[in-house]
Amino acid sequence: MTMKREGKVFLDSNIIMLAASFHTYDVIGWINTLYDHIYIHATVLSELLIDPARSAALQMIRQGYWQLFDPDNPQHVSDEGYMLYEQYVHEMDAAFRQLNIKKQAQGRMVKGTTDLGEKDSIAAALLLYARIICSNDYDIGEVIADRQLTIFTGGEGEPELLLHDTLEDFCYYVVRHQVAERSNVRKFFKCSIQTDEPNRQRQKLRRLDQRLQALE
């Protein structure tokens, strides 16, 4: 029996688009098998403008595999919870602005995007005590580390750092949790990074292969 990656996870649009556009294998099914409780923020859903990603997300919501989180829906969040959520959103706005300032100071490239889906998903994860953000946006992991974003997962334990599953991490865990065959996962990963320049592709494939080989 396949063991799930426990806890709530919020999916980002980039992961959904990559999964839905790969028709050789059912990567959406891999997501559903790997993760325990899957959420998608309304902002992320609104970013999925074209098929097959949008239709796949809507189908997963209708079939109950994914849960839509809409902060403007009183059935999803109480008035008190909404105030806390808004506070988290403001904190994430500040966190991403600070990250851009740090990048500029270090001579690194700053993205020209609003990061709305990423900010809102992190805010929702903090509100709902979700353990994982699944996104191939590496800024998320940097914000989590810089701000030391933690959640309580229940019981008497210490707060845990919010986890960030990149595309590479997702592929690694799909193999580790015996959701799909290594060769199939590698094909998906290789296809997903084909827009990268060749040296970067080779680096990413080498890093994933090293992690997968360690599982043997």
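**View 1. The lining of the second largest pocket, sorted by class, holds eight nonpolar, three polar and one charged residues.** Here Ala, Val, Leu, Ile, Met, Phe, Trp, Tyr, Cys and Pro count as nonpolar, Asp, Glu, Lys and Arg as charged, and the others, Gly among them, as polar. Please keep in mind that this is a predicted model, where local features need pLDDT of at least 70, side-chain atom pairs count only at pLDDT 80 or more, and totals for chains, interfaces and linings use all residues. Residues are numbered from 1 along each chain as its sequence is written, and side-chain values use heavy atoms, with hydrogens and water left out. The space in this second largest pocket is about 160 Å³. Among the residues that line the second largest pocket are Phe22, Tyr25, Asp26, Asn32 and Met60. H1, helix H2 (27-34) and helix H4 (53-62) each give at least two residues to this lining, and H2 brings the largest share, four residues. Helices are DSSP runs (H or I, at least four residues), numbered from the N terminus. A pocket is an open set of points on a 1 Å grid over the protein atoms alone, where a 1.4 Å probe fits, with protein on both sides within 12 Å along at least five of seven lines; lining residues have an atom within 4 Å of a point. Its volume is the space filled by probe spheres set on the points, which are joined across faces, edges and corners.

**View 2. The largest pocket holds about 390 Å³ of space.** Of its 18 lining residues, Asn14, Asn136, Asp137, Tyr138 and Lys204 are the closest to the centre. Helix H1 (13-21), H7 and helix H10 (198-213) each supply at least two lining residues. By class, the lining of the largest pocket has four nonpolar, five polar and nine charged residues.

**View 3. Helix H5 (residues 79-106) and helix H7 (residues 138-147) have axes that come within 10 Å and cross at roughly 100 degrees.** H5 is therefore roughly perpendicular to H7 (an angle of 65 to 115 degrees). Residues in contact (heavy atoms within 4.5 Å) include Met92, Phe96 and Leu99 of H5 and Val143 and Arg147 of H7. The contact of H5 with H7 has six nonpolar, one polar and seven charged residues.

**View 4. Thr43 sits in helix H3 (residues 42-47).** Thr43 counts as buried because its relative accessibility is 16% (buried means under 20% relative accessible area, with a 1.4 Å probe and protein chains only). Leaving aside residues up to four places away in sequence, Thr43 touches Leu116, Gly117 and Asp120. Thr43 and Glu118 are 75 residues apart in sequence and 8.9 Å apart in space, C-alpha to C-alpha.

How values were computed: Axes are lines fitted to C-alpha atoms, for helices over the stretch in contact, and angles run from 0 to 180 degrees between N-to-C directions. Angles under 35 degrees count as roughly parallel, over 145 as roughly antiparallel, 65 to 115 as roughly perpendicular and the rest as oblique. Buried means under 20% relative accessible area, exposed over 50%, partly exposed in between (1.4 Å probe, protein chains only).
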